[in-house]
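Me: Could you walk me through this one? I have the sequence and the structure open and would like to go through the chains in turn.

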Amino acid sequence: MGFIQDVLASFVAIMPVTLAQSLILAFVVLGIMIPFRMLNFPDLTSEGAFPLGGCICGVLLAAGASPLVGIAAALVAGFAAGCCTAFIHLRFRIHTLLAGILMMTMLYSINLRIMGKSNLSVFGSPTVFDWVPFARPGFPASKIVVAGLLALIAFMLLHMFFRTEKGTAVRAVGANPDMAEAQGINVWAATIGGVGLASAFSASSGALMVQSQGFADVNMGLGILINGLAALMIGEAVVGKQTVWRQLLAPFAGAIIYYQLVSFCLAAGMPPPDLKLATGLFVLAMLALPSLKRSRGSAPAREAIRE
Amino acid sequence: MLEIRSARKVFYRGQADEKIALDGLSLSLATGEFGIVIGSNGAGKSSMLNAISGALILDSGQILINGADVTDMPVHKRAAKLARVFQDPMRGTAASMTVAENMLLADLRSSKRTLRQGLNATRLASYKERLSILGLGLENRMDTRVDLLSGGQRQSLSLIMAVGGSPDLLLLDEHTAALDPRTAEIVMQATVRAVSALKLTTLMVTHNMQHAVDYGNRVIMLDAGRVLLEVTGEEKARITVIDLIGHFSVKTDRMLLAS
C-alpha cells in the first residue's frame, strides 16, 4: 500500500507541471497531425523545426528581445523550414519522409550556427508567462493559462479555416491530389502552405518550451516526433478523427493524456532511459492494430506503406 | 469550342520502346457539339484527353479552348474552362470528404476560393436540388463520406460535379465502362440530358459502339495517334455499329469484344 501511495503522491504532485508541458508540446503534435492527416504528407520536419524555434527564440531572448518577438521569429523560421520540405518533395519527387529527414538533418547544423554553441541559458529573461496577472511567475499556473489560451486560439482558428473555401481545398489536396488539381486547386501552393503552417506550429512550440524551461539546446528536439506521434494516436483513439472538429481536437487531447501517462510511468519507477523504447512499442502497437484486426494471416509481402 | 492543332507527343523518345502517342493530331469541335471518340487500345484516345486537360505536356502543337491558347497552362488553371469525368469513379471524387464537400469543390472550380465559410444553407440547397435530378437519393446523403457510396453513385456524383457551372468543355473518359449495365445506363442518360440541356461542348471516349451510334453528332475514330475517320451530320445519323466496326482495320477482334 505504501508504494502505491508514494507513486500516486508523486504523480499528483507533478501533474500541473506535466499539464503545462503537455499544452506547450501540443503544438508539435498539431504540427505532426496537419501534414499527416490533412495533407496525406507524413512529415518529419518537426524534429528539426522544434529546436529551430527554440534556438531562434533563445538567441533573441539572450539579445534582450521581447518574448513575443522570439515566438514570431520562430513561427516565420518554422514556416520557411516546412515550405522547404514540401518543395523538396514536390520539385524533386523525393519521398516525403526522406525530404523530412534531409531537412531535419540540415536544420541541426543551422540550429548550431544560429546559437553558436550547443546550449544557451536564458534564465531570468522575460517570458510570455510573466504576463499572467495573479500568478507567481515561473509557476505552472501561469504556463497553463498562457499555453492553454494559445492552444484554444489555434484550435478555433484552424477549425474555422478548414471549413472555409480555401480550407476545404487544402483538405481536398490531402484526400485526392489529382481530383483537387482537376477542380482548379493549386496543389503545390496548398501543400507548401500547409506543411509550412504545420512546421510553424512545431517551431512556436520550441519557442514556448525555451521560455518555459529557461534554456535552449540543439538536442531539445530529439525524440519529439515519436512522442508527438504517440500523443496523436492516443488523441485519435479517444476523440476520434471522423470530422474536422475531432481531428483537430485529437492533438490537444492526445498531448495532455500522453504526457500524464508518461509522468505516471516515471512516478511508478520506470527508468527514464527505457522511455523511448516504451513509446516506440506503443506507437508500433497502435499502427499495427488495424492490420492485426483485419486478418489473422500474414500481410502481403509489400503492401502500401501504412499510415 | 475546342481546337487541337497538329498535336505531337512521343514517349520514351530515342529508346527501343519509343511510342508515338499523338502523331500530328488535329481536331476541332464547334461550340455545343457532342463528339464521340473511338479507336482501339493504344490509338491515342487517353493521350488526347490528357493533353487537353493538361496532364500531358505536348512536344509540339497547340490546344485552344474557346479561342484561348491553353497549351502551356497547368492543369489547375485549365480547370476553369474544362471538367472531366474519369473511367475510375475513385479518381474524380475526394473519398474521405462528404458528398456536400465534393460538390463545393466542384462548384468553386472556376472561381477564386476565399476565406469565407465554404458550405452554407444556400449552397447546400442548390446542391441537393442538382443531385435530386439523378433520382439516386444522393440528396439525402449530403454528409456521407464519398467512400461509403457505391461505384455508380460516385460516378453519378462525379458527373453532376463536372456539368455544374457549365464548363466550356466536358471530357468524358469511358465514364460508364466500370459500371454495371443498369447503372451505366442511368449515368449515360443523365449525361445526355445534362449535355443537351446545358448545350455543353463535349468529348466522350468510349469503347461501346452502340453509344457511338446512339449519341453525339460527330464520331471521331483515332488510329496510331491520328484521326482516321470523322463522321458527322446526315452520315452520322445513318451510321450503324456494323459500319463503325468495318472501319477498324486488322485489329478488329479486340474491338468486337469490346462492343
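**Chain A, then chain B**

Reply: Of the 307 residues of chain A, 48% count as buried, where buried asks for 20 or more other C-beta atoms within 10 Å of a residue's own, exposed for 12 or fewer, and partly exposed lies in between, with C-beta atoms placed from the backbone. This is a predicted model, in which local features need pLDDT of at least 70 and side-chain atom pairs count only at pLDDT 80 or more, while totals for chains, interfaces and linings use all residues. Residues are numbered from 1 along each chain as its sequence is written, and chains are lettered from A and ligands numbered from 1 in the order in which they are written.

Me: OK, and what is the secondary structure of chain A?
Reply: Chain A has 11 helices and 2 strands, and along the sequence they follow the pattern α-α-α-α-β-α-α-α-α-β-α-α-α. Helices (H or I, at least four residues) and strands (E, at least two) are DSSP runs, numbered from the N terminus.

Me: Why does the radius of gyration of chain A agree with a compact globule?
Reply: Because a compact globule with 307 residues would have a radius of gyration near 19 Å, and chain A has 20 Å; the radius is taken over C-alpha atoms, and the globule rule is 2.2 Å times the number of residues to the power 0.38. The C-alpha trace of chain A spans about 55 × 50 × 35 Å along its principal axes.

Me: Which residues have the most contacts inside the largest nonpolar core?
Reply: They are Ala26(A), Val29(A), Cys57(A), Ala172(A), Val173(A), Ala255(A) and Leu170(B), in a core of 160 residues. Such a core is a set of buried Ala, Val, Leu, Ile, Met, Phe, Trp, Tyr and Cys residues joined through C-beta atoms within 7 Å. Helix H1 of chain A (residues 2–38) gives the largest share of this core, 14 residues.

Me: And what is Ala26(A) in contact with?
Reply: Leaving aside neighbours within four places in sequence, Ala26(A) is in contact with Ala151(A), Pro251(A), Phe252(A) and Ala255(A), a contact being two residues whose C-beta atoms, placed from the backbone, lie within 7 Å.

Me: Switching topic: how many residues does each chain bring to the contact?
Reply: Chain B brings 25 residues and chain A brings 19 residues. On the chain B side, helix H2 (75–78) and helix H3 (99–107) each supply at least two residues, and the largest share, 4 residues, comes from H3(B).

Me: What is the order of the strands in the open sheet of 6 strands in chain B?
Reply: The order is S6-S7-S8-S3-S9-S10, with mixed pairing, where two strands pair if DSSP finds at least two bridges between them. Strand S6 (82–85) and strand S10 (226–232) of chain B stand at the edges with a single partner strand each, so one side of each is left without a neighbour in the sheet. Inside the sheet, S3 (residues 34–38) and S8 (residues 202–205) of chain B run parallel and are joined by 4 bridges, and Gly35(B) has Leu203(B) as its bridge partner in S8(B).

Me: What about the open sheet of 4 strands?
Reply: That sheet of chain B has the order S2-S1-S4-S5 with antiparallel pairing, and its edge strands, S2 (19–29) and S5 (68–69), each pair on one side only. Strand S1 (residues 2–11) of chain B is joined to S2(B) by 8 bridges, and the bridge partner of Val10(B) in S2(B) is Ile20(B).
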